[in-house]
Amino acid sequence: MSVFLVHGFRWPRKNARIHIILNNIDDAAPEYMMARQSTEALNENFNKLFPQIMNNLPVLQFIEPYDPTDETSAALTQPYCFVSDLVERSEAYLDVTSVMNKGVKAAQWDALADLRDKLAPGEKIGWYVVHNGDEDRVKSMRDGKGEEDGSITGSSKKLSGMFKQLMKK
């Protein structure tokens with residue numbers, strides 16, 4: 001189980017899908033934005049579209065809430081993912097105060113606000129605790145691979161099976 005403390009904003013999944021489609025970002029998966037390939041493709045796209053904004057931001061990360069034990073149809077997709085300029089991962093415990101006290105520089109905060117206004121107007125910028133219990137997703141975020149052979153299969157097979165069940169109904 002991974003828990004992330006992130007600084008950023010929620011990006012509604014619907015808006016993310018539209019952005020990915022309209023900008024023809026073939027390497028970004030709207031339902032799997034934590035994956036390294038999706039993250040790299042989105043950062044590249046943002047750098048092209050918003051160079052002045054991205055000059056003041058680090059490489060962004062996209063953190064998704066996910067509960068692999070949830071087998072309901074709602075688990076197929078979460079309503080949003082977090083666009084984050086700062087991410088701390090915790091497996092056991094995390095001193096939240098020390099992370100938050102590091103702060104965010106004014107130029108970085110302003111740039112994130114500008115990006116938020118382009119992607120998700122009205123969403124709040126802040127600190128969020130995000131649970132993601134899918135180690136395949138977390139591993140793919142780090143190294144671009146889900147399993148030993150490089151495929152991302154664990155949760156994908158589960159989601160694929162759930163999707164097929166929904167399609168039969």
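Are Phe82 and Tyr128 buried or exposed? Both Phe82 and Tyr128 are buried, where buried denotes a relative accessible area under 20%, exposed over 50%, and partly exposed the range in between (1.4 Å probe, protein chains only).

## Basis of the model

The model is predicted: local features need pLDDT of at least 70, side-chain atom pairs count only at pLDDT 80 or more, and totals for chains, interfaces and linings use all residues. Residues are numbered from 1 along each chain as its sequence is written, and side-chain values use heavy atoms, with hydrogens and water left out.

## Strand pairing

Helices (H or I, at least four residues) and strands (E, at least two) are DSSP runs, numbered from the N terminus. Two strands are taken to pair if DSSP finds at least two bridges between them. Strands S1 and S3 run antiparallel and are joined by ten bridges; within this pairing, Phe9 has Val83 in S3 as its bridge partner.

S2 is also joined to S3, by three bridges in an antiparallel arrangement. Here Ile63 has Phe82 of S3 as its bridge partner.

## Aromatic contacts

Rings of Phe, Tyr and Trp (its six-membered ring) pair if their centres lie within 6.5 Å; planes under 30 degrees apart count as stacked, over 60 as edge-to-face and the rest as tilted. The whole structure contains six aromatic pairs. One of them is the tilted pair of Phe82 and Tyr128, with 4.8 Å from centre to centre and 50° between the planes. Phe82 belongs to strand S3 and Tyr128 to strand S4, so this pair ties together parts that are 46 residues apart in sequence.

Trp11, Phe46, Phe50 and Phe62 form one aromatic cluster. Of these residues, Phe46 is listed among the buried residues of H2.

## Charged side chains

Six salt bridges are present, each defined as a side-chain nitrogen of Lys or Arg within 4 Å of a carboxyl oxygen of Asp or Glu. Among them is the contact of Arg10 with Glu123, whose closest N and O atoms are 3.2 Å apart. Arg10 lies in strand S1 (residues 2-12) and Glu123 in the loop between helix H5 (106-119) and strand S4 (126-132), so the two tie together parts 113 residues apart in sequence. Arg10 is partly exposed, at 29% relative accessibility, whereas Glu123 is buried at 18%. The charged end of Arg10 also sits over the ring of Tyr80, 4.5 Å from its centre; the criterion is NZ of Lys or CZ of Arg within 6 Å of the ring centre and within 35 degrees of the ring normal.

A salt bridge between Glu64 and Arg13 has its closest N and O atoms 2.7 Å apart. Glu64 is in the loop between strand S2 (61-63) and strand S3 (80-90), and Arg13 is in helix H1 (residues 13-22), 51 residues apart. Both Glu64 and Arg13 are buried. Lys102 and Glu88 form a further salt bridge, with 3.9 Å between the closest N and O atoms; Lys102 is in helix H4 (residues 96-102) and Glu88 in strand S3. Lys102 is exposed at 63% relative accessibility, while Glu88 is partly exposed at 29%.

## Helix H2

Helix H2 (residues 36-49) has 14 residues and should span 20 Å at 1.5 Å a residue, which agrees with the 20 Å between its end C-alpha atoms; the expected span is 1.5 Å times one less than the number of residues. The buried residues of H2 are Ser38, Thr39, Ala41, Leu42, Asn43, Asn45 and Phe46. The elements covering them include S1, H1, helix H3 (51-54), S2 and H5, with contact meaning heavy atoms within 4.5 Å.
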